[in-house]
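User: I would like to study a protein together with its ligand. Please show the structure, and then let us discuss it by question and answer.

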Amino acid sequence: MTAEYKVHGSVAVITLANPPVNGLGLSTRQGIVDGLDKAQQDAAVKAIVITGAGGAFSGGADIKEFGTDKAMQEPNLNSVIAAIENASKPVVAAIHSVAMGGGLELALGCHYRVAAPGCSIALPEVKLGILPGAGGTQRLPRVIGVEAALNMIVSGEAIKSEMLAMLPGQKLFDKLVDSPEALAAEALAFAQSVADVRPMPLVRNLPCKHPEGDAYFQFARNMVKGMSKNFPAPAKCVDAVEAATKKKFADGMAVEREIFINLMWTAESRSLRHLFLAERAASKIPDVPSDTPKREIKSVAVIGAGTMGGGIAMNFLNAGIPVKMLEMKQEALDRGIATIRKNYEAQVAKKKLKQDKYEQRMALLSTTLDYADLKDADLVIEAVFEELGVKEAVFKQLDAVMKPGAILASNTSTLDVNKIANFTQRPQDVVGLHFFSPANVMKLLEVVRGEATAKDVMATVMAAAKKIKKVAVVSGVCDGFIGNRMIEQYGRQGGFLLDEGCTPQQVDKAMEKFGMAMGPFRMGDLAGNDIGWAIRKRRYTEKPDMKYSKTADLLCEKGRFGQKVGKGWYDYVPGKRDAIPNAEVEQMIADHRAALGITPRKISDEEIVQRLVFALVNEAAHILEEGIANKASDIDIVYIYGYGFPVHRGGPLNYANEVGLFNVVQAMKRFAQNPLDDAAFWKPAPLLAKLAAEGKTFN
Ligand code: 3HC
Ligand code: NAI
């Protein structure tokens with residue numbers, strides 16, 4: 001049983017004990033009910049306290065149980081809360097650290113609540129695509145008011161207990177104790193003090209009204225609609241809270257229940273739940289146990305103060321870690337520092353950063369032209385030109401000066417990390433840290449594990465990534481690692497679509513309607529079309545049999561490299577990012593098509609989306625099979641955080657699971673019949689073919 005029962009004098013204490021966050025799984029729910037039974041049968045017990053062991057009161061329903069039989073099994077959370085409300089002795093929730101979702105709902109079912117300061121209180125269900133399903137939408141408005149409750153339910157954001165305790169007229173907490181340490185004793189004393197109070201108070205009996213009724217809910221609906229494109233849950237939260245104000249408690253509960261069950265089965269909720277677990281799973285490496293000792297990262301060095309180096313440095317400065325930057329020339333250092341200053345000053349101007357914080361961060365930054373000055377850094381990240389010879393020179397110098405045990409990282413986006421590691425006498429200390437541009441903004445970090453990279457280096461950089469608020473995903477060494485290797489196939493399909501009859505804006509619109517932050521051609525213009533051009537030139541010699549559309553090369557021959565030169569697939573006005581279609585580009589595509597003797601055909605948005613997304617899926621299946629990615633969910637995280645893949649689709653592989661792998665393979669077989677496409681590419685990866693044949697998913 002994952003709840004403990006102990007009697008202290010006349011008070012029984014039920015302690016939820018289901019680490020890490022006392023999720024309310026079946027065995028914990030059963031433990032609470034058993035504890036309540038025992039306490040009621042024991043004549044010496046006059047009151048009951050419910051609290052949580054470790055670092056949480058409760059993080060809510062056990063997310064890992066969702067979709068399994070256990071989630072539905074009695075006692076479900078509503079039954080547990082009913083057992084509390086109907087108990088013959090007062091039940092006091094002693095809340096500390098975290099009370100979220102079902103955890104807060106459990107507390108709201110208790111007769112009294114005593115809380116510690118500093119506790120994160122939330123109904124975050126909306127972030128999982130659902131709404132509170134154990135009375136949260138009905139009880140919270142009764143204790144903190146309709147508007148405050150709706151804000152919490154629709155945003156899912158946590159508020160500190162001491163802030164909530166200050167709300168005028170709040171009935172959420174009966175007592176806020178002075179410190180977390182005082183909670184246990186004060187909750188016991190409080191329970192004794194209310195032991196004889198009858199009738200016992202119930203939140204459900206409190207009134208729930210909004211003075212402006214319909215007008216307020218109409219306003220709330222309009223607000224929510226604007227914020228929650230692609231997600232049904234937020235609007236449903238408004239419906240449920242409105243029901244709390246207009247219906248009897250039991251009828252409001254029925255409304256909440258029905259909405260909860262319906263939302264639980266939506267693809268959007270499945271995607272969000274998948275991503276919640278995927279994000280946490282990404283930090284775990286199968287053969288690197290969580291107790292692997294880590295090296296200390298107290299100072300960082302960055303080589304190269306260009307586009308990436310500056311952004312990388314900012315991440316560490318933001319986390320309070322000193323950074324020393326090295327360049328070849330003072331002018332380059334000055335330019336790099338000026339860019340960092342400009343970025344911070346923009347944040348100060350937008351009031352996102354306080355002046356004193358800005359100054360503190362800059363004070364942590366120093367520069368040098370001399371490698372010897374870096375020798376004491378714990379981690380050095382190289383972000384110099386993408387040329388193996390340049391990297392070789394840098395790593396040889398680092399090998400000569402850096403203290404033993406320092407971690408040597410490369411931000412290379414395409415080069416072989418094993419080769420880079422072998423430029424040193426300490427390949428075990430070398431790792432790839434592939435940041436995404438702009439490096440101070442993008443959340444994704446691909447951690448590229450070389451053949452020789454030591455396990456403690458992996459453990460250390462994964463922890464460092466968390467410290468600088470990145471979501472790190474481990475990739476093996478291959479051309480393009482996980483993300484860029486897949487995007488190459490996506491880009492190739494984009495080219496074929498132009499040859500067959502699409503315009504760039506048709507493809508971009510279809511993908512943006514699907515939910516991508518940006519279609520492939522707008523993305524190319526942003527990243528610089530010359531980057532893809534350089535890669536293709538390499539491919540033409542490395543893989544002469546690989547089929548490519550030539551349109552992107554023709555575009556580059558015209559110097560249309562993208563936003564940085566004001567023209568690419570689209571035109572751009574200085575200072576603006578709007579993509580303006582260009583007739584010359586469209587003519588170029590049409591002329592090329594005619595030269596190839598292709599009669600353009602009308603291509604549906606559905607075909608566009610399927611060809612681009614399934615290209616990602618097939619390449620991902622190869623990546624998984626080769627062990628470049630440890631698990632399918634890691635690939636979804638790469639695409640969500642690095643490439644603007646729509647969150648409500650849960651990543652390319654989650655999307656493929658939703659479509660059904662059998663259907664994905666059928667579509668690939670169809671695409672292979674198209675003479676203008678690349679039949680060899682559309683041969684389903686063996687892993688994909690096997691999973692589809694067995695009726696399985698990537699999970
Ligand atoms: N159920 C099961 N496991 C949970 C969990 C939950 N509700 N919440 C967190 N965990 C697990 C995580 O998966 C992770 O497991 P791992 O160590 O195996 O990877 C571990 O707890 C730690 O999680 P974090 O890394 O997120 O730790 P933090 O300290 O940063 O944050 C937290 C802790 C604030 C509780 C955060 O995990 C969180 O926000 N959790 C989600 C809470 C939530 O959404 N609750 C609502 C659930 S739905 C519900 O209650 C339905 C009800 O209305 C009927
Ligand atoms: P950049 O050209 O903006 O900056 C490179 C900097 O390195 C320049 O300031 C240059 O003076 C300096 N430099 C060159 N050789 C040096 C040396 N021997 N010693 C010290 N400094 C030296 O290039 P960018 O875009 O910042 O790229 C850097 C690295 O990051 C490359 O490996 C690139 O592939 C990788 N990368 C780039 C991304 C991007 O979007 N720009 C994304 C992810 C990785």
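User: Which helices each supply at least two residues of the shell around ligand 1?

Analyst: This is a predicted model, in which local features need pLDDT of at least 70, side-chain atom pairs count only at pLDDT 80 or more, and totals for chains, interfaces and linings use all residues. Residues are numbered from 1 along each chain as its sequence is written, chains are lettered from A and ligands numbered from 1 in the order in which they are written, and side-chain values use heavy atoms, without hydrogens and water. Helices are DSSP runs (H or I, at least four residues), numbered from the N terminus. Those that each supply at least two residues of this shell are α4 (102-109) and α12 (267-282).

User: How many residues surround ligand 1?

Analyst: A residue is near a molecule if one of its heavy atoms lies within 4 Å of it. Gly102, Glu105, Glu125, Arg280 and Lys284 are the closest. The number of residues surrounding ligand 1 is 21.

User: How far is a polar side-chain atom of Glu125 from an oxygen atom of ligand 1?

Analyst: A polar contact is a pair of N or O atoms within 3.5 Å. A polar backbone atom of Gly102 is 2.8 Å from an oxygen atom of ligand 1. For the side chain of Glu125, the distance is 2.6 Å.

User: Why is Cys237 in no disulfide?

Analyst: A disulfide is a pair of cysteine sulfur atoms within 2.5 Å, and the whole structure has zero of them. The closest cysteine sulfur to that of Cys237 belongs to Cys208, and it is too far for a bond because the separation is 15 Å.

Notes: Polar contact = N/O pair within 3.5 Å; in protein donor to acceptor, adjacent residues only side chain to side chain.
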